[in-house]
Amino acid sequence: MSPGGDEPTNFLYPFIDAQEDDAGSLLADLAASAQAKAAESLALRRSTLEANAALLDRAAAELARRFAAGGRMFTFGNGGSCTDSTTLARLFARPPVGKPLPAWPLTTDQAILTALGNDVGFELVFARQLIARAKAGDMAIAMSTSGGSPNLLAALAEARQRGLYTVGFAGYDGGAFANNPDVDACFVVRSQSVHRIQEAQALLGYQLWLGVHEQLSGDQGAGAA
């Protein structure tokens, strides 16, 4: 690793490499950096919720309708988005309140992922699982920061063809998820920071679950828990 200015991530914490002899000043810089990032994250999450409010309502209504009719949810993503998609599926399947709903991440079975990656190629690790498990009336949620991963696009196309309701989470300008006929609902977090994108996507996922929970509670004639 190259020292000093050659390190491409130095811009994140420029004061770390500074020759700062005053510990108090360094701590103040650290605190200011954390506060700036927190403020940036909060502002982005607020603007993202506002920009996607109508779409959240529509998507939650459709997900609730499909769950009520016996539909199942499948989530998937790569890298950090793999973790986020797993968290989202488990929020639906093991909610803090309300009825558990049938939701599964396609990212947690190592045997399936490695077998498919080895035998048919990584681009099809999610599409092949949908072929084996999904049916019309189910739901597929792909989480990404770029919105351009080939294996996610292949899975969304397969899902759409099979009659699933498809949801995409993306950052930047939405990438290939945006204006895509294979994506019924595309939530875009308009940021250039992977960290901020994933933070806002986590909140969008929670709001989507909350909307579905409220829809189903309303359909059953009971208030939200």
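This is a predicted model: local features need pLDDT of at least 70, side-chain atom pairs count only at pLDDT 80 or more; totals for chains, interfaces and linings use all residues.

Author: Gladly! Of the 225 residues, 41% count as buried. Among contacts between residues at least 6 apart in sequence, 66% join residues at least 24 apart. The accessible surface of the chain is about 11,500 Å², and carbon and sulfur atoms account for 54% of that.

Now for the close look, at Asp-138. This residue sits in the loop between helix 5 (127–133) and strand 3 (139–143). Asp-138 has a relative accessible area of 0%, so it counts as buried, the cut-off being under 20%. Its side chain makes a polar contact of 2.7 Å with the side chain of Arg-72. Beyond its neighbours within four places in sequence, Asp-138 is in contact with Arg-66, Gly-71, Arg-72 and Phe-74, with Arg-133, and also with Gly-163, Leu-164 and Tyr-165.

For another view of the chain, turn to helix 4, which spans residues 110–119 and is hardly covered: of its 10 residues, the count of buried ones is 1. Another aspartate, Asp-109, caps the N-terminal end of helix 4, with a side-chain oxygen 3.0 Å from the backbone nitrogen of Ala-111. After helix 4 comes Gly-121, which has a positive phi near 110°.

Key: Residues are numbered from 1 along each chain as its sequence is written. Side-chain values use heavy atoms; hydrogens and water are left out. Helices (H or I, at least four residues) and strands (E, at least two) are DSSP runs, numbered from the N terminus. Buried means under 20% relative accessible area, exposed over 50%, partly exposed in between (1.4 Å probe, protein chains only). A polar contact is a pair of N or O atoms within 3.5 Å; within protein, one must be able to donate a hydrogen and the other to accept it, and residues adjacent in sequence count only if both atoms are side-chain atoms. Contact means heavy atoms within 4.5 Å. Accessible areas come from the Shrake-Rupley method with a 1.4 Å probe; for residues, only the protein chains shown count as cover.
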